[in-house]
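Colleague: Could you take a close look at one residue in a loop of this model, and then connect what you find to the interior of the structure?

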Amino acid sequence: MSENKLSFRALQLANEQRTAYGLRYNDFMRYRKHCANRTHRLRSTLKTTHGKGREFKKLPPLSTDSIKDGHLELLLFESERAWAYSQDLVTQSLQPANEDQAGSLRHSATGRFRRAVHWSTQLLSHCQSLYASSRLSAEGLMQITIYTLILNGRFLRYRDNFEDAVIQLSVARHLLDELADRAATSRDQALATVFADEIGPEIRYCAHELGRERAYDVDAIAAELSGKHRGEIVEGCDALIQKFRQEGEVAGKGEGRKKLTTLMWEGQPVPVRNPELVDVLLRVQEAEAKITQSREPARAEGTSDKGRKGKSGSHGSKKGVAAYDAILLALSDAEEVARKLVEAQQNSGSSSTSAAGTRDIHFVHAYIVYQLLSRRIQRDLLLVSALLTSHRPQASAKPKKEHVDARLYPAVVKLLDTVIQGLAQMRNLSIVDESPDLASAVEARLTFTKARRCSYLSQCYVAVKKYAEALSLIQHATIYLRETRSTLSIFSEDPISSGSPAYYPLTSSDLDALEFTITQDGLTIKNEWFAYNGGSIDVDNKTYKKPLFFDIALNYVQLDMDRLQERAGKVSAPVLVPVQAVPAKSRLEEVARPKTPEPQAPARGGLSSLLEGWWGRK
């Protein structure tokens with residue numbers, strides 16, 4: 001008999017189909033067409049069609065032994081199809097364009113609603129027979145009972161029979177609370193919570209129409225009416241609940257429950273009232289557990305390998321960075337699901353179905369975005385640490401000038417830009433804005449990250465010999481650091497450092513270390529700038545001329561290197577040889593110089609020399 005046991009969950013199936021096919025945005029026409037297509041496929045699969053053409057073939061009655069999951073799904077989709085059609089007709093009757101046909105549309109809607117109740121009642125009778133023959137679990141029967149009660153209550157409310165409607169809905173609310181309290185998984189608990197939130201406003205409306213004093217207290221009304229009428233409305237209700245509790249205890253002992261840990265924010269739980277959110281948040285919880293497990297071996301390895309750093313440390317940091325991929329993916333999926341739920345609530349024009357004073361889906365979406373941004377910031381900071389550790393120079397006996405890869409500082413600046421963007425988005429969240437201490441803590445980390453970014457960006461300008469821009473960035477970093485100190489002095493306890501997880505710890509020692517680094521970088525940049533072109537902004541190194549005293553020192557003063565070496569102790573002093581003194585000559589004494597010979601005329605011959613002899617010329 002256990003092999004033929006059915007696993008039919010009416011509420012789970014109805015919720016999945018409604019969410020996926022239009023009812024998230026109140027598109028009843030789309031959902032009705034989907035239910036029609038689904039019923040046609042089920043009839044073809046189960047071979048329960050009514051013949052072909054105009055010939056109608058009456059189907060034989062179903063026996064308890066031949067019922068399958070498909071038969072129960074067929075009845076459920078027939079009920080959903082008729083209910084969606086009735087809601088579509090009601091929506092059309094309320095439009096101003098159909099004012100003349102409003103009466104006929106409401107009459108047709110009533111007929112479709114009555115047919116939906118007929119299908120659900122037929123489904124309930126089959127499930128009761130299966131439960132009696134031990135082919136259906138108590139939870140399955142409770143779900144279809146709740147589904148039928150909700151449909152009956154809504155039909156009675158539509159017919160303005162508020163007294164019977166509030167009784168039906170109150171009994172359904174009591175059974176839903178029982179399902180939520182004894183749920184084996186967090187998804188089942190959220191599923192029961194969703195349907196309880198849907199019928200809560202209807203109970204309040206019926207109680208208000210009946211003139212009850214405390215119509216707003218839905219829980220009290222449901223507890224009062226269900227205690228009186230649940231035995232009359234549901235046959236064997238107490239025995240069914242007892243059986244469900246026993247099955248839940250056996251299932252809890254046999255299997256590990258996939259329970260979602262309670263999400264806390266400022267000491268209060270964050271409600272998760274949707275099955276889709278439960279699925280993605282369970283994946284987030286598993287990814288967080290993996291990160292916690294990966295940190296413990298990394299810490300043990302770090303303590304054992306303190307003496308040898310290098311490739312092992314960078315390898316461990318890369319492993320830590322890769323561990324964040326799973327949790328970021330799960331949080332992205334959770335943010336997408338929560339955003340769709342928020343958009344669906346806004347587009348449908350409906351208000352929050354949760355009780356007054358509780359946190360709604362908007363708060364849950366902001367909480368998930370905060371967690372996503374915090375984990376992304378934590379991953380980026382770990383990447384920055386890994387980059388700086390991998391390019392850190394090894395310690396040596398002789399101090400040498402540090403040579404850093406030109407791609408290091410631009411990569412660090414890009415990561416810090418992402419961190420700044422995440423902190424800015426986090427600062428604009430509603431849950432951060434409502435907490436003054438948390439807003440100040442986020443603001444302090446934002447200015448501190450800007451200071452770090454200016455510090456590393458200045459090194460990028462130093463590499464291309466733009467010292468003026470680098471010094472300007474150093475001044476900006478100093479201002480940001482001063483703002484961080486003033487912001488941290490506002491509150492006594494840091495909510496981020498003391499929170500879980502502490503994704504961005506910030507202490508006074510971190511501020512002191514950054515201030516020391518900025519001061520040293522400023523002095524180094526000034527020295528390099530003066531050596532490059534004398535501290536000028538417009539003059540290039542190629543056209544730069546040395547000051548005058550450099551020329552005087554190098555061109556007009558003879559440097560006695562032997563004397564310097566002797567005074568330094570590197571060369572022994574030479575032995576002095578006595579030299580006879582030579583009397584110095586006076587400047588007025590003339591020096592005898594030989595006369596300069598006169599130039600002689602070249603020898604000439606011929607007629608010219610003869611004539612010169614006659615005229616007395618030599």
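Modeller: Asn26 counts as partly exposed, because its relative accessibility is 41% (buried is under 20% relative accessible area, exposed over 50% and partly exposed in between, for a 1.4 Å probe and protein chains only). The model is a predicted one, in which local features need pLDDT of at least 70, side-chain atom pairs count only at pLDDT 80 or more, and totals for chains, interfaces and linings use all residues. Residues are numbered from 1 along each chain as its sequence is written, and side-chain values use heavy atoms, without hydrogens or water.

Although Asn26 is not a glycine, its phi is positive, at about 60 degrees. The residue sits in the loop that links helix 1 (10-20) to helix 2 (28-46); helices (H or I, at least four residues) and strands (E, at least two) are DSSP runs numbered from the N terminus. Glu266, again not a glycine, also has a positive phi, of about 55 degrees. Its setting is the loop between strand 1 (264-265) and strand 2 (268-269), and Glu266 is classed as exposed because its relative accessible area is 54%.

The largest cavity holds about 50 Å³ of space; a volume is the space filled by probe spheres set on points joined across faces, edges and corners. Leu11, Glu139, Gln143, Leu179, Asp188, Leu191 and Ala192 form the lining of the largest cavity. Two or more of these residues come from each of helix 5 (138-158) and helix 7 (186-209), and helix 7 gives the most, with 3 residues.

The second largest cavity has about 40 Å³ of volume. It is lined by Leu11, Arg18, Tyr147, Ile150, Leu151, Arg154 and Phe195. Helix 1 and helix 5 are the elements that give two or more residues to this second lining, where helix 5 gives the most, with 4 residues.

The nonpolar cores complete the picture. Leu277, Tyr370, Ile431 and Val432 touch the most other members of the largest core, which has 72 residues (a nonpolar core joins buried Ala, Val, Leu, Ile, Met, Phe, Trp, Tyr and Cys residues through side-chain atoms within 4.5 Å). Among the elements that each supply at least two residues of this core are helix 10 (275-304), helix 13 (361-390), helix 15 (430-433), helix 16 and helix 17. Leaving aside residues up to four places away in sequence, Val432 touches Tyr370, Met426, Arg427, Leu438, Ala439 and Val442, where contact means heavy atoms within 4.5 Å. A second, separate core of 67 residues includes Ala138, Val166, Cys206 and Val234.

Helix 17 (residues 467-488) has buried residues that include Tyr467, Leu471, Ile474, Ala477, Leu481 and Leu488. The buried residues of helix 17 pack against helix 16 (436-463) and helix 18 (508-533).

Definitions and conventions
1 Å grid on protein atoms, 1.4 Å probe; cavity = no way out; pocket = protein on both sides within 12 Å on 5 of 7 lines; lining within 4 Å.
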